[in-house]
Amino acid sequence: MADLSINICGITSPNPFWLASGPPSNSGEQVMRAFDMGWGGAVWKTVGNPIVNVSSRLGAVGYAGSPVMGLNNIELITDRPLEVNFKEIYEVKKRYPDNAVVVSLMVESKDEWKDIIRRSEDTGADGLELNFGCPHGMCERGMGSAVGQEPDVLREITSWAREFATTPVIAKLTPNVTNILDPGIAAVEGGADAISLINTLKSIIGVDLKNLVIQPTVGIEGTQGGYCGPAVKPVALHMAGTLARDERITVPISGIGGISNWYDAAEFLALGSTSVQVCTAVMHYGYRIVAGMIDGLNNYLDEMGMKSVNDLIGRAVSTYVEWGDLDLNFGVNAKINSKTCIGCQLCYIACLDGGHQCIHTHQGPCSAFHGKADHGINPRTSIMPPVMHSDKNESEAHIPFVDDDECIGCNLCQLVCPVPECVTMEEVPSTAGKESWNERVAKELS
Amino acid sequence: MAVTNGVPSKNILANKRLEIEFGDAKPLYTQVEAILEANRCLYCYDAPCTKACPAKIDIPSFITKIAGGNLLGSARTILTANMLGLSTGRVCPVEELCVGACVYNDLNHQPIQIGRLQRYVVQKALEIEQSGSRQLFVPKEDCGKKVALIGAGPASLACASYLTMEGIKSVIFEKSDLPGGLNTTGVAPYKLQTEEWLQEVKWLLSYGVELKTSVEAGRDFQLDSLLGDYDAVFIGIGLGSDRKLGIPVEDGTTVWGATELIQKIKNEPNFQIPEKVRSVVVIGGGNTAIDIARELAMLGVRESKIVYRRTEKEMRGYKHEMTGAREYGVRLFENLRPVEIILDDNRVTVLRAEPTTTDQVREFPCDWVVAAIGQEEHVSHLSADMKMDENGRVIVDPITRETSLPNIYAGGDCVNGGKEVINAVEDGREAAFAMLRSWGMETKPNHGIQQQKDTSGGR
């Protein structure tokens with residue numbers, strides 16, 4: 001069994017799995033149950049000045065039968081009294097000294113920050129997370145993502161927090177920006193000890209087509225809310241990875257966004273996050289999912305021969321290069337395994353209509369779409385003689401095949417194939433050495 | 001000409017019929033079940049299920065529409081290819097057709113339950129239509145053409161409804177008092193009950209098809225005379241009575257024909273199986289033999305046996321049907337040819353059968369013998385000039401379904417000798433579109449029926 005314990009900017013945790021600030025970390029009773037289930041840490045639901053919530057608050061978008069591919073919410077920060085929250089945080093930390101307890105904060109003025117930081121630290125919490133991310137409701141009052149989108153304001157508030165706090169300060173960023181490096185660098189300059197990201201994306205989750213009103217619906221109206229869940233993971237990976245590989249980001253990262261499984265978490269760790277935070281998956285399935293995450297990560301680390309989760313952190317960061325540095329001489333071709341192919345022809349139609357017309361079927365003439373893939377404007381029928389494929393017997397006739405000369409190695413057929421490992425992408429050996437676009441341009445200039 | 005008009009009403013059949021004793025073999029999906037199942041569909045291109053469907057329903061499209069909540073659209077996709085979508089959803093041997101072709105079979109994964117999805121969609125769509133809020137189809141205005149259809153089975157009903165949609169006046173002549181053909185008289189009740197089927201017939205007729213029952217060709221009117229009154233004639237009279245065993249004793253009280261018996265179970269309120277009937281031998285190897293054997297076992301006959309002259313491998317009946325029948329205790333005896341029925345006090349006591357492999361005669365003590373060895377052809381009564389094959393089947397053009405006599409078309413069992421309901425539907429539909437083409441009327445690629453424009457507006 002590998003060692004899963006982590007230390008992020010001085011905050012230690014028995015494993016990298018934390019509850020993100022949100023409904024699952026709303027109360028002491030909940031957080032203690034989560035810790036009992038195995039969660040390593042929790043970022044408390046954001047505390048601040050009193051607010052009032054609306055009903056309803058959540059909307060979801062499903063895909064192909066799964067009800068929650070993405071979730072959005074218009075819920076604000078905690079609607080429970082500050083004293084109650086602080087009392088419960090104190091109790092939790094006292095009873096669970098080994099788990100990480102971080103308090104998420106959001107207030108406006110310097111005096112308010114000073115006051116709330118002092119009271120938060122009095123609870124014995126391990127650290128503070130500054131909520132610069134919430135993109136709905138609070139931002140209209142000049143907080144949350146309104147701060148996260150203004151690097152100068154973000155830098156200043158972070159520096160206040162750094163000035164008042166004795167425990168580590170984590171700045172939580174909004175993804176609703178053009179370049180995540182701007183707020184990221186501002187947070188470091190302001191003195192943040194770590195950065196967590198992403199908060200939710202501004203979104204409209206859907207329209208109720210029966211009543212023609214935006215969802216989630218409050219009476220006969222709706223508003224934009226924060227989007228999260230499995231659908232946002234690629235966005236989050238991109239942003240967390242961008243910060244991780246930039247030399248100006250000198251602080252550790254806590255990754256957030258669509259993490260539902262051990263492998264989602266492992267991808268964030270490999271792209272440079274030290275801890276990961278989970279909310280939507282818990283809202284969907286409950287705290288119990290952490291058991292599978294711990295077990296899965298352990299198995300994976302063992303399989304990879306890694307003794308500690310720290311061996312995984314950042315391992316894939318350097319594989320990112322800009323497009324211009326990619327090797328133009330590298331190539332792969334798709335190969336369809338006719339033994340496992342079930343003949344659904346999803347690869348065929350995907351390549352024909354949405355790819356590069358390189359996959360053909362054995363039955364009938366392929367005259368229109370066969371031959372050298374010139375991707376030109378000439379109708380193939382007028383320039384190519386019909387190619388007949390009728391040599392196959394009935395059972396094989398519906399199995400498509402890839403024309404090796406035409407295949408441009410885009411992966412599309414492999415991605416749409418419902419059978420695992422039926423379509424494989426195989427490297428085409430090349431004698432030419434590596435050459436990138438940038439190198440080619442440089443060579444032509446010289 | 002004797003004419004009895006009538007759309008069958010719900011009360012046409014008495015209660016307490018034997019067939020009502022069965023639950024649904026494949027119950028109607030709930031909405032949740034349907035959506036979960038629909039979402040499993042891979043949406044194959046050039047889909048094997050559609051290729052395997054005699055009516056060529058665009059199955060992936062109708063299933064995707066279920067997943068998207070578009071029930072009326074889904075039902076239209078089915079019905080434009082197969083107007084009898086509701087009953088075929090139940091009686092089609094999907095294991096041999098669409099479901100058997102599903103690519104999930106190759107993954108050793110449960111194939112998509114296409115028949116159940118089809119039944120769900122069509123039933124729900126008909127409910128929506130019957131609630132009065134929306135209409136599935138709007139027939140075109142009467143164009144002045146008229147078609148007579150002989151026999152009110154699936155072939156004629158399909159043909160007539162497609163014609164009606166295009167504004168052709170269609171009149172069906174049925175010799176019995178109930179329409180529906182073999183769905184009414186020959187499909188085992190555990191698969192399809194008469195009442196439900198007649199509801200579907202009622203819906204088909206509701207688009208303007210005229211039905212005349214208790215009128216028989218040759219007796220009440222002549223085929224030739226119809227051509228004077230109508231622009232074309234479609235013959236969908238199916239097959240005749242059960243074929244006889246050809247051995248002594250065929251009386252109809254203890255020796256039955258299979259469809260004769262099924263018809264009694266399905267439609268006759270006073271018909272009961274006497275308690276002393278404990279053992280039945282069914283003779284035959286087709287689906288009807290399996291059906292009646294299973295039906296009788298389900299009705300409580302203690303011993304239900306099938307005697308077949310060849311081996312199980314050579315049975316015309318489907319393997320899944322035999323497996324299903326065995327679950328109810330039906331037993332199969334192979335390589336036996338019936339030679340004699342021994343009576344005692346005018347009742348069957350023993351069926352003697354001669355093995356085709358040895359000469360040891362076997363005796364089956366039994367109370368009933370059911371012959372399920374096919375039905376007689378009876379088309380030849382209609383016209384002496386029409387070309388038939390050596391088995392008495394009407395010869396038609398494979399594309400248009402036109403017979404050797406101009407403007408006379410035919411389809412269903414009288415042409416194919418006894419196939420599935422869906423084959424009859426295909427024949428009826430193709431004949432309808434061939435007629436339309438012959439009159440220079442447009443038929444759209446997917447046999448598109450004029451669809452109602454959605455005018456339901458906002459909320």
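Start with two domains: the centres of domain 1 of chain B and domain 2 of chain B, taken over C-alpha atoms, are 24 Å apart. This is a predicted model, where local features need pLDDT of at least 70, side-chain atom pairs count only at pLDDT 80 or more, and totals for chains, interfaces and linings use all residues. Residues are numbered from 1 along each chain as its sequence is written, with chains lettered from A in the order in which they are written.

**Colour the domains.** In chain B, select 10–130 for domain 1, 138–240 + 376–438 for domain 2, and 255–371 for domain 3. These bounds come from an automatic or database domain assignment.

**Go to the domain 1–domain 2 contact.** Here 18 residues of domain 1 of chain B are in contact with 25 residues of domain 2 of chain B (C-beta atoms, placed from the backbone, within 7 Å). Now select helix H5 of chain B, residues 85–91. Helix H5 gives five residues, the largest share of the domain 1 side. Helices are DSSP runs (H or I, at least four residues), numbered from the N terminus. The domain 1 side holds 13 nonpolar, three polar and two charged residues. Ala, Val, Leu, Ile, Met, Phe, Trp, Tyr, Cys and Pro count as nonpolar, Asp, Glu, Lys and Arg as charged, and the others, Gly among them, as polar.

**Show chain A.** 15 residues of chain A contact twelve residues of chain B. The chain A side has nine nonpolar, five polar and one charged. The predictor gives the complex an ipTM of 0.78 and a pTM of 0.84.

The chain B average is 88, and 92% of the residues score at least 70. Select residues 445–459 of chain B: pLDDT is below 50 there.

Conventions:
Contact = placed C-beta atoms within 7 Å. pLDDT = per-residue confidence, 0-100. Helix = DSSP H or I, 4+ residues; strand = E, 2+ residues; numbered from the N terminus.
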